[in-house]
Each structure stands twice: as structure tokens, then as C-alpha cells.
Amino acid sequence: MDSQTLIARLRSLLRDEQVLTEPEDLTVYAFDGTALLNQLPACVVLPESTEQVAAVMSLAHEQGVPVVPRGAGSGLAGGSVPVAGSLVLCLVRMNRILEVDARNLTLTAEAGALTQAIADAAAAAGLFYPPDPGSIKISTIGGNVANNSGGLRGLKYGVTRDYVMALEVVLADGQVLETGSKCVKDVAGFGLKDLFIGSEGALGVITRVTLKLIPPPAAKRTLLALFDRMTDAAETISQIIALKIIPCTLEFLDRATIGCVEDYAHIGLPRDCEAVVLMEADGHPAEVEEQATAMAKVAREQGAREVRTAASEEQATQLATARRTAFSALARLAPTVLLEDITVPRSELARMVAFIQEAGQRHRVRVGTFGHMGDGNLHPTFLTNERQPEELQRAEAALREVFARAIALGGTITGEHGVGVAKKPFLPQQLGPVGMEISRRLKASLDPRGILNPGKVLD
Amino acid sequence: MTATAIATGPRPAADGSLLAGLDYAVLQQCMHCGMCLAVCPTYEETLRERSSPRGRIALMRAIADGRLAIRRAFAEELYFCLGCLACTSACPAGVDYATLFERARAEVERRGLLDSPKRRAIRGLVVKRLFMSRRWLRRLGAAMRLYQQSGCQWLVRHAGLKYLLPPSLRRLEPLAPRISRRFTEALFRRLYARRNPARPRYRVGLLLGCVQDLAFADTNADTIYVLQENGCEVVLPAQQECCGSLHAHNGELECARALARRNIDAFAPETLDAIISNAGGCGPHMKHYGHLLADDPEYAERARVWSAKVKDIHEFLVEIGFRPPRGPQRPQRVTYHESCHLNHGQHVSAQPRQILRAIPGLELVEMAEADWCCGSAGIYNITQPEMAMKLLDRKMEHVRRTGAEVIASANTGCNIQLECGRERAGLAVTVKHPITLLAEAYRAEPPA
């Protein structure tokens, strides 16, 4: 079907204003939050209901048109970057929070609802939705589920998957699947719901989500430990975990990142130390006290220059908020920031951090590293300029070594950003031949015509 | 790879394109993370990426790269943008959206993308003539004052005469500010010239503003009074003009430069300790003169001196340690609306609140979204009335929930817009500049 006919058919299904085809519109949906990727789609569709999504999918399936589902476009692995000739299905207008069920401790929302709005709605009902990706203020819950997003609290509270109770998914051919329930226990049939969590839009389009909520912690304490050596900071984290302490948050920022975040947030972060570790304990007041004391002790034993305690709730929130801006703030140092997302077993943190530094030096590329160290998830960020191809090549060479090293240490190429296109070349190394083959069969059975986000995750 | 690496780098600006001629690093600074989406009023309203800061910058870059033709749709998008700069406060990467926005609008004007005989006539008259000269503005002000005082306005508003006006004028009429009986310099001569301290702590110049002087001369007078109460000698250079922000934000950079030069000559910044602005919208542009005239060999240095001395009134008072008014005073409940260009453009957000809290008897009640644009946005309420009124109604709803009797707000455009909103919403609130509240408190002080 030529694109004129496709657009005419789409306009018969939706209002004209929901089908965007002007070059000024296509240009702005040609990218997501990932560096270096840009591809114009054929058109952009803004559906407002599951029925509209189903109608669009059914048309795309019949005509074999590639469809790229998208939320806020804050992804960091190119998962929502269009493919040539594709229809971008942008769900941001399906943003209603449908229900907060305080008797069953669940929340149901359309896929385009903002993660922050969900956290706020839960809080307003005296409940807590813990997953808090860095992009929480703009990301959609559908995007979070499709990428199984993590966040700063992953260490203690887990990731998006741990909170998904039920999904409504529009399949490649337009059929609507409802899977899961509000039941805490539910083992009826295969775990279909789980297939779509982290499927990156390649197995179905998530249109509605039911989430588990929990009671909020009664108390909270935030500490900031300052280190003169990066490896001391990494070793502190490994020690805290080895002592069986699981705080809410153990975040790490290196010197370059601290400087950038401070330039933006002006909250008095120390610019003269090599690393800071942000530690947050939450829960029962007695447990918080005990954890905070123990973590401060470990930090001092590992050579922390100073351990500060946040004076107020407001200050603690400022620290966490500032930490979430780390990735974007690093763009102050270089025009192109290649953000990675490797994760290693926590006993290997110091070794991995040292290797990243060394790889950066060897290939003469600046690296800023920050991340959710408590769960082993690091974000080494290579600072380069896309307009200098030679430097870009060196950065990419360093990245390949970092991936290989992470896998060799028993880690993974992506902890929370997904594979998309950016990590696709490294996936076979990670999954092995059997894992790849099963993944291909799964994709073929759910999307036989290969129209859903083609070329993402797998080829 | 399914996606291709993007064309990198601008074409040489052979056609004189202001976008292609930009330092590419300014465009490249945006790494499209989307953190700005959460704070952009036009994105929230439309949920269309082109109406977001990230989208607008992507369009500018595509045009600079030669990947996208510059067309009317781009021009319309740039004029749909409020220019509120909330995105710059939200941007962790430090993108200079203000510069991108000004350049892009200037390029739109250079190419005449929105040109029509009517638009050209209005812009020629208003932007390039009226607002280039305070003499003309004062004549217009006197005429408007006559309209308002003679009963004509009453007839238009209450006796149904408004239906005789063409629809565009009928829409604008409620936005017309109430013109002051006397303009600032007359007030100064009558009441304040003698009050300048004999041995001042600081010698400061005050920018009177264009519309501010016509509609809020009393606010200027209150600013003078407050400065004098704090030991400042205030001078009002006679030859001063509009600051030029209206021109710069509407694509007339050359007019803006001409006004900047005239103001520098009028004030002689070398002779002053500070140049004070009391309108949130003027301050950031005045602080920008150094940048605006950087390529002018004759004025570049003086413009730098000027920029370093420009202070918002609240910023200045807090810096010099203003004197808190003595109590007790009558209780009042006040909510504070942040002028976008005071907050996002100058990062002056804590100081006005600090001043309000120092007033005895004043209870400051924060409204939700105090930092969200009210829809005034320079002349946006005239050019984009639909969006402007949506924002205004949203603002007034937040005001209503505070139960405040006064909205404190520190920008000419906002204050006119909020006056209009007060009437639309039928709210029993008054709109006052924080400095007016401070001046009132000084005047009402019990004897020491």
C-alpha cells in the first residue's frame, strides 16, 4: 500500500488531527533520547483509545506496514526510533489514570499516563509506587513496562516488572489480549503478562496497565559519602551488600558527573572529590537508624573523607532529584553523550569501575560514570562529538571492550534501558545461540508478519 | 542498523540564514532527553511533539542542517511558543533556548514567512514605530486615558457598544490596561525628587518601561519610594526608552539593538551603582545587552558594563539587605505568581517571597503551579488568544483555591493579564506588585 492510501485509510479510522504527516511533525518524531539515531517515519498516529490502537494495528497488519510504538520518547537504546516507512504509534494521549483501588492496593492506568502522575496518584491515596526511573517526570507507564524500567530504588524495591499485575495488550494483528489480574496469586496458564514486560514494543502494544501499590515507608534517611578514590566508593557498596544491608538506594557519581549536576542543580555537591555515594535507608524508624549507622561506618572504614546526613526531607529530595539529571547534565561537557547501562554482580563493582576508567584512558575518550551501584547497574557515559568521526570510533571501541568485560564478569549489557538498536549487536554474545533462537521463535509466533518495531532487539 | 546516523553540521550560511549561522554548539547542546516536556505549557495542551521545546529545537537543527525546508508551519510553531523559558530551568544540559528562540523568530521575519499586508502594517506601526519611542507611547497613553475617563469605555463595556467593534478589537478591549493619571516622571517631580537621600548608599537608575510607565506609573513610584527608604539615590534618565525585549522576542533584533544603544547613552551606566528593573519581562533582556551588542565595536564594552549592573528590584533589595517594615500591620492573605522571565529568565524566585514574608501581617499562601505561565507572554495574549486564555483560566483557578485577597506579581504583562483574569473569573482579588506591598507597609509603619 502506498503511503497516500495508508494515510487516507488511517484518516477514515481517526480524526484528521490524530494523523500527522507534515515534515515538521515527522522530523520531531525521528528520534528518542538516544544519541546518533535519526530516521523519519512515514506518519505519526496519536490514538486516544484501545479501540483506535486495535483498528490501526489491524490495518497495519493487513497491509504489512511497520509500526513503532512510542510513549514520551525518552528511551536510551533507540527502541522508539522509527524505521524507514514506519507508522509511529504514539500513545501519549491515552494518559488517564482509570482507578486507584485502595482495597486491593492497585492502580490502573492507560499506557500514556506519566510515571510521575502515577506516583502522585498513589501518594494521594496514602500508597506508594516505588519504580522511579530517571525520566519519571516525562516517561509513560507503557514505556516503563515495555522496557521494564528500573530506577534509583531498584535495589530494595525491584523494577517495573515487580509491580505489574495485569496488562491489556493490542497484538500485531489487532486482537486485544487481557492478561493478569488483581490477584496476588495467579498461575492460570503460561505467564503471558511477563512476555510483554520488557518486550520493547516488538511483541505487542501495551495499552493499559494494572500496578501493585505498597504502603509507604514510615521513615527515611539520606546520607552522602565523599571519596577521594573511585574504587573505595565501589568497594563500600560491595561491603554494604556483603553485610546483608539492603537500603532503598545506593547511588554513585564520579567527579565529572558531580561537577555537571552541581552546575545545573546548585545544591552544594562537593566538586573536589573523586566520587560520592548517595545512600538512602527507608522503612521502620529503628531499622532506618540501624542501616544508616552501619552504612556510614562501612564508608568510613573504606576511606570516605566525610559522610554527610541530609538535614531535611527537602534536602534529601533535592539530592535524589539532582541525581536523576546526571545523564542530561553530562551534555554540558560534550555535544554527544553515549550512555551505557551495563550491570555486574555487586562483588565485581570495583573491578568494573576500574576497567571503565582504564578503557577510557586507553582510547583517549572522556568518561563520566554514575549509576545505581547498589544493584550493580552502572552508567558509564562516553563524552564525544558526533561531528568528529575519529573520536567517535575510539569511543565505540572503548564501549565494545566495556560490554565484553561486563559479560566476562558475569554481568549484562543492559540493566534497565533495553536493547533497542543500540545494544542489538551485543545481544547474541549475551544470550547465546539457544537464547537467540527461542527469542526469534517467540517473535515469529506473536508477530508473524514482522511489523512490530522491526529491527529492534532482534534482526 | 535500522536508523541512520544524522547529517551533522550546518551548511555554510551562504544564504545569510540566521539559523545556519548560529554557533552549532548551541543547537547541539540539546541531547533530546525530553526533560523539558514536563514543564512546557504548549506541549501539555497539545501533546504534540512539535509544540515542545525538544521538538522546536529539532526543527531548528533540521533547518540549519538543510534536512528540512523552512516553511510557514515552522513560523507558526515559533509564534505558538510562549517563550516562557520554563524549559531552560528544566534543562539539565543547559540549552540556551532563549538565544535559539530569538534567532529562529528573527529568521522567520527575515524571510517574511508570515508576511501579509495587515501584519506588516501592524508590526510597522506598533513594533517599529510606537514602541521605539516613549514620546509616541505617552501620546497613545493620553488618548487611551481620555477614552477610559470620558465614559466611552463604560459605554463600550456596559452599554453593548462593543458589538459595534470588529471582533478582533472586541477581544482585545478587555486587555487594555487602565492608564495612570500621571506618568512616572511627573510623579517623581511632584513627590519623590526631594526625597533622595543627601548621602546615598547607592546611586541607581530606574528603567521606567514602556507600558509599565503608562499603566503602572504608581508601581514605578513605589519602587522609587522603596529604594529611597533603603538609602538609594534614584535617577530617572529622561532619554530612556523601552528596553527592547518586545522587539527581540518578535524577530526585530535591529530595533532591539537601536533601543539598547539609546538606553546605554541615556543611563551612562559608568556613573551608576545599579540599573534597576521592576518588570520581570524587561530584566533578562536588559541583562542581555552585552550579548546583543557584542559585535558592535562602539558599544560592546559599555553594554558589558551595563549588563553587569542591571538588577531586578527584588534581587537588588535582598543583596543590599533591605529594611523590613515595622509592625504591627493589618493582616492580609497574599499569593505569589512568578513572572516567567523573572523566574526562568533571571532565576529570581526566592527574593520576592523573602520580601513578602518580611511584611508584618502578610500571610503568603503558595498557589499550585505558581511558576506556570499566565498566558500573557509579552504580546502572546494578543497573537494567540485561545491558548493565552486557557492558561489564564488555569492560573485563576489556582488563585481561587488559595483564598488570597491579593495576587502579588512582578511583571507588567502578567499584571495586565491577571487583571483581565480576575474579571473573567469574577474573583474578589487585587493584583499588586510585591514592591507596592512593601511600599504600602513602609507607609503604614507605626512610629518607631
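**Notebook: two chains, looked up piece by piece**

I began with Leu36(A), which counts as buried because 20 C-beta neighbours lie inside 10 Å. My cut-offs: buried takes 20 or more other C-beta atoms within 10 Å of a residue's own, exposed takes 12 or fewer, partly exposed is in between, and C-beta atoms are placed from the backbone. Leu36(A) sits in the loop between α2 and β2 (43–45) of chain A. Its phi is positive, about 75°, although Leu36(A) is not a glycine. I made a note of that, since most residues other than glycine have a negative phi.

**Ground rules**

This is a predicted model, in which local features need pLDDT of at least 70 and side-chain atom pairs count only at pLDDT 80 or more, while totals for chains, interfaces and linings use all residues. Residues are numbered from 1 along each chain as its sequence is written, and chains are lettered from A and ligands numbered from 1 in the order in which they are written.

**Chain A**

I found 15 helices and 16 strands in chain A; helices are DSSP runs of H or I with at least four residues, strands are runs of E with at least two, and both are numbered from the N terminus. The radius of gyration of chain A is 22 Å, close to the 23 Å from the globule rule for 459 residues, so chain A is as compact as a globular protein of that length. For the record, that radius is taken over C-alpha atoms, and the rule is 2.2 Å times the number of residues to the power 0.38. The C-alpha atoms fill a box of roughly 65 × 60 × 45 Å along the principal axes. Of the 459 residues in chain A, 56% are buried.

The domains of chain A are domain 1 (3–90), domain 2 (97–212) and domain 3 (219–408); such bounds come from an automatic or database domain assignment. I get 36 Å between the C-alpha centres of domain 1 and domain 3 of chain A.

Next I looked at the largest nonpolar core. It has 276 residues, and Val45(A), Leu89(A), Ala225(A), Val276(A) and Val277(A) touch the most other members. A core here is a set of buried Ala, Val, Leu, Ile, Met, Phe, Trp, Tyr and Cys residues joined through C-beta atoms within 7 Å. Leaving aside neighbours within four places in sequence, Val45(A) has contacts that include Leu10(A), Leu14(A), Val56(A) and Leu87(A). Contact means that the C-beta atoms of two residues, placed from the backbone, lie within 7 Å.

**Where the chains meet**

How many residues of chain A are in contact with chain B? I have 38 residues of chain A against 32 residues of chain B. On the chain A side, α2 (23–28) and α12 (326–329) are the elements giving two or more residues, and α2(A) gives the most, with five.

**Chain B**

Chain B has 25 helices and eight strands. Its radius of gyration is 22 Å, which agrees with the value near 22 Å for a compact globule of 448 residues. The C-alpha trace spans about 80 × 55 × 40 Å along the principal axes, and 52% of the 448 residues are buried.

I then followed helix α6 (residues 97–110) of chain B, whose 14 residues reach 20 Å from first C-alpha to last, close to the 20 Å expected at 1.5 Å a residue. The expected span is 1.5 Å times one less than the number of residues. Eleven of the 14 residues in α6(B) are buried, among them Tyr97(B), Phe101(B), Glu102(B) and Arg103(B). The helices that these buried residues pack against include α3 (53–65) and α15 (253–267) of chain B. Gly112(B), with a positive phi near 60°, follows α6(B).

His32(B) is not a glycine, yet its phi is positive, near 45°. I place His32(B) in the loop between α1 and α2 (41–46) of chain B, and His32(B) is buried, with 24 other C-beta atoms within 10 Å.

Which kind of peptide bond joins Gly327(B) and Pro328(B)? It is cis, with omega about -10°. Pro328(B) belongs to the loop between α19 (313–320) and β5 (332–337) of chain B.
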